[in-house]
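Let's walk through this protein model together, one piece at a time. Keep the picture open while you read, and look up each residue as it comes along.

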Amino acid sequence: MLLCALLGLLFCAFLDSSECLQVVVRPDKGSTVTVSTVGSPDRCAVCTVSGVNDTDKSCQPSLSLVPEVEVKLLFNCSEPLEKSFTVTVSRVIECTKDACSPATVETPSILTEFSRTFTWEVRAPEKTVVSLNILGEGLMETSQLCSKGFQYSVATSKTSSKAPTLYCQGGSVTQFDLPSQGVVSLLVKPTAKVAPVFQASAGPLKGRTVVVTVDSSTTVVLNRDLGETECEVCTADGPTPTCSLKEKTLTSAKKLEVEFSCQKPEDVYSVKIQKKIECTENSCTPAAAEVDPNLFLDFIRSLTWLIGVPQRTVLTLEFPGGGVKELSAAEKCKDGSQYSVSTTKSDGSIKTSNYCKGGEVTRVEVFGSTAVTAEVPKGGEMDQTAFSVKAAKRGGRMMSVTPDPDTIIIIKRMNKESDCSVCEGKPPQQKCTPQILRLTLAKNTSLEFTCPRPQDVFSVEINREIDCTETTCSGDIVQGEYSLFPDFNRTFTWDLKVVSSRAFQLDFPESGMRQISKEETCPDEHTYSLITYLRTGPAHIGTFCRGGTVTTILARYKGRVSLQVPWDRKLDPVDFKLKVGPETSMVAIVKVNLPKGVSETSFITANYPKDFPDKQQMQWSFTVPDKHNYTVHFHDHTAPECLSDEVVVKYEKENKKATTLSLTDPQPQHQQGNFQMMLTNCETNRTLQGLTLNYTVSVERSGIPVLCNVDLTKHKGVSLQIEKVGSDEYCEISMNSEVKDVINMAAGTTARLSFLECDNMTRLTASEVIGCQNVASCSANVISLPKLASCLPMPLHSFTWHVNIPKDATVDLVSRTGSFRQSLPGQECNQSVLLHVAEGDGFSVGDFCSNGNIETIQVHTNVSVTATARDFSKIEELLFNASVSQEIRETIIYRVNPKTSQTLLATPNWPEGMKPFSTISWIVTLPSQYQAHLRFNVSNPKCGDRHTCVKVMMLGYEEEMMSRREDEEVEDLMVPYSFYLNLSNCLPEEGHFGAVTTIVLEKKSNILAIALGIAGALLFLLIVLAVVCFITKKKKKGKMNTESSIYIGKGNIFRPGDAHFTKTRSNNESHVYDSIDETMVCGHLLDNSNIYGNNDHFNGMQVDSYQTFVGPTDGALPVIKEPDPEPEMDQFMFLDPSETFIPSRPRTPIDRQDSLGFQDRRMVDNELYTFKSMGDMNNIRLSGVDLEPQPPITDESL
């Protein structure tokens, strides 16, 4: 066995299989076992293994096993095995008239690794029923897969065409009653254990009896499905019962017993019920389609009502309840119940429409004899009244028609399905036709259509003939308002005829015509076509719509112009001018005015896509705009087989030699000037494809465009707009090859721009969106101009910054020069850059430039700032800064610092008014020794709600200096100190609220200040004298103390009065201290009071405590000749900072000195470096020799 397993594994490896299983099975007696692959045969296989050492293997996608024969199987698949194979186990339950074998139906335990389908076929004598009692849990009928892994299916016959009935566990069905050849199947998931399934028994077949009543107007036909089991139907309507195995017809019976020889005849038989309804021109008998809803309720029923009517009678079917819904051919009714209405028309054809219950259609009108059929499934419910029917004389449509002189009206049938005729005259001389009627006489004629909507059935053609002499024609092709047949599909035709050697000429309006293919439809649904009649037959010159490049068409001898208008369009034709043209041999001459700019216009030959006439010519005359190039492209053409001559394309220009080409030669490209193109056909072999040509003429400007690739992905939030501002029609701007009047480039996009002959005819504006989500995330923005693409051929006209802020924030605007100046009427800014500030909704705040008196503008909303300049290329500096601060109460706050004798403060949008309910404030800081004289120019409105207010208050004071409403006069005011000016608006009913405030600075006269100044000068002289004395005294003491330890944070390092060391540091004792006086070092830390009595004394470096040395900054050390050393003193002095030239040292970020992380670089190699502790620090005397220059501390070292 081990060897077998190894061989199996080797075989799996040889097949490169991901999964492999080898088992030994032995099917039971009477069982047929079939193993099949679910996946692809080249991926999965089941093999039989035999021979010595299992060396013989036979692999197949499906394998049937022999009962009671042991076989070794090898399953191999690259996919999961349980999903790749299925097992089918089939058995037969043999029954007599009263017993079955086996009596207990079980499932064999075989190949449980796979899903298994157990199938049992029941075999029993005639008129015997086999009952399969379900063991265990009951079943319920379903249409879905079962979740528990056990699914039953039941069919009354293995040859039945019906789908089997599915069951799942968990229901009330406990028994299946089956006839002979009935089939039961059980599908089991892999590894599921199956207990005994059925208890089988047999007994005599008991039929079913149904009692029915059929009235005299009803016929019932019972039909057996021949694919189902045999079931006999019998009726006792005579001395002996009459029976049938196929069909039984029931008529005029009351309480008739119908016996079926099977228990479930509803699975075998279907029922057809037919009734008749007869109608006159105004009534029907019966008036309603009544039905017994319980008649054969559990059978499939088909109920048909045959309704007979006289001619010209309309039937109205009314459906009760929720009405019906019409179905398409592919749709089915959800509940299985379906109505079909079939009407027989006068020509014998039948029109059928299908409906479902539950729709918006409650009335259906039909014409002629009708059959209404209701298809009802088993158990389907029906109303006792299926529908009601009414008859009425068919209401046709009558009209009187008088054709114009030389006009023919032709009424043609276009809808073959509808049953409708058109009749001329009145009875009894009336003549009717269902197909076509021609009216040729210009007299009043009565028409009657036998249907209420003849426009759905017939179309109308109105034809007129126009004859021309050698010089003139009898009229133009003009079709004004036409009152006849306004709701019909209409075709207006004009038959034109001139002398055989001449051409007729059609001149179109200025808007021209556009040629289209026959299959296309014009946008306004007014479609024109032109046909000319040749000796060889008609030639279709083309189909046209209004609005195009074709201005004139000349066609030879005889032709027809037609206009098609649908029923739902009002006639709005184009007026053609018709005149006699010159002599020509051409089939047609088409004159074309090509448009300015870039365009591509399509043209096709006559009869396209069919063949162009043999030995004929067609000409196109093109007018090309100045400064434009044209190119001819042949897109689609077929060349015929010429029996004589050849196909030629000739190009002609005025005063130039003609060019003759073939269809395959390169056609003219990038040429200028008007030209003519003539196409000449040869004599062709008509059994083959003839000449066809579809070509385009493209036009483009002859100038060289300026190309520019713009990439806005490099500038976040920046967008561009370029628009034409001049009236030069030759200026052309385009984006990505699409010509536009305005180019809008969204932020973050790229585009290829083109500018053709647009010098000084375009305007470039740009904008940038700046914003943040909340105040915490908003940082100050230094506003500058992004560098736009240098290839843009026009200067920047303006740049707008849109600053978007949160609702609870404020925008602060600060000028690049430190202040703004507001541009006002009469005092406009004339600087190089002007900033227009507006609120987010576009309300103007004002125009500003630099170097003024306004330091800050705060706006409580989104803001847009638009910069305009004479030349943006010369602006290199930053324009302004924008930052976000906390929310303010006012709408706008200006911070003003007057620097001139007179300053003007104007409300936003001056000279227009402020926003309703808005509040504006100016915080004005006056220069020292100055006071402000305020003068007001106020425009007051009539307020509809609240009041305006002008308020002045000095900063730091609570009382108001002035407060005035709109109905109070605002006087001039003198303000001695910096102040606050506030203006609040109401809801104006009339007028508007605005103001200009003039601030005039005036010098204060202050005697007290003069006296204080004199006293201060005397005090300064006394202090200088004291300092001089103090320094003199200190110099005398310096002779006694010849050595000092000095730390200089900046500048050069030296020791005044210090002698040269005669020893090196290693062998002298300059770094040895006799004693340390801690009170001289840290005394100021032990006492809260300052020993000098003034904290301002320490303006420079604090030298009574140790500071980190940062090295020299002023270059090399000076060479100082030092005296001989004097004996060391017991106490050492630190230089007072005021006695040195050292400026104050900027704060250096170092670690705390009382931290273990603190380290003095100068002390690392010193013997006294052992002082490092958490305790207090002692004064350490360092010799000047130790103070070697150190490298400066950089950001990298930190």
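The structure holds 18 disulfides, where a disulfide is a pair of cysteine sulfur atoms within 2.5 Å. Bear in mind that this is a predicted model, in which local features need pLDDT of at least 70 and side-chain atom pairs count only at pLDDT 80 or more, while totals for chains, interfaces and linings use all residues. Residues are numbered from 1 along each chain as its sequence is written, and side-chain values use heavy atoms, with hydrogens and water left out.

Take the disulfide between C708 and C791, with the sulfurs 1.8 Å apart. C708 lies in strand β58 (residues 706-711) and C791 in the loop between β65 (781-783) and β66 (796-804), so this pair ties together parts 83 residues apart in sequence. Strands here are DSSP runs of E with at least two residues, helices are runs of H or I with at least four, and both are numbered from the N terminus. The torsion about the S-S bond of C708 and C791 is about 65°, so this disulfide is right-handed. Is C708 buried or exposed? C708 is buried, at 1% relative accessible area, while C791 is partly exposed at 29%. Buried means under 20% relative accessible area, exposed means over 50%, and partly exposed is in between (1.4 Å probe, protein chains only).

C731 is in the loop between β59 (718-724) and β60 (732-735), and C758 is in the loop between β63 (750-756) and β64 (762-771), 27 residues apart. Both ends are tucked away: C731 is buried at 3% relative accessibility, and C758 is buried at 9%.

C423 is buried at 0% relative accessibility, whereas C432 is partly exposed at 42%.

Now for the inside. In soluble globular proteins, nonpolar side chains tend to be buried together. In this model, the largest nonpolar core has 79 residues, and those with the most contacts inside it include L753, L813 and F880. Such a core is a set of buried Ala, Val, Leu, Ile, Met, Phe, Trp, Tyr and Cys residues joined through side-chain atoms within 4.5 Å. Apart from that core lies another, of 77 residues, with L447, A555, V574 and V699 among them.

On to the strands. The chain has three helices and 84 strands. Four strands form an open sheet in the order β9-β17-β11-β15, with antiparallel pairing. The edge strands are β9 and β15 (175-178), each pairing on one side only. Two strands pair if DSSP finds at least two bridges between them. Strand β11 (residues 128-134) is joined to β15 by four bridges, and N133 has Q175 in β15 as its bridge partner.

The peptide bond from S101 to P102 is cis, with omega near 0°, and P102 sits in the loop between β8 (100-101) and β9 (104-105). Another cis bond runs from W910 to P911, with omega near 10°. P911 lies in the loop between β75 (902-906) and β76 (919-924), and F917 is found in the loop between β75 and β76 as well. F917 has a positive phi of about 65° although it is not a glycine.
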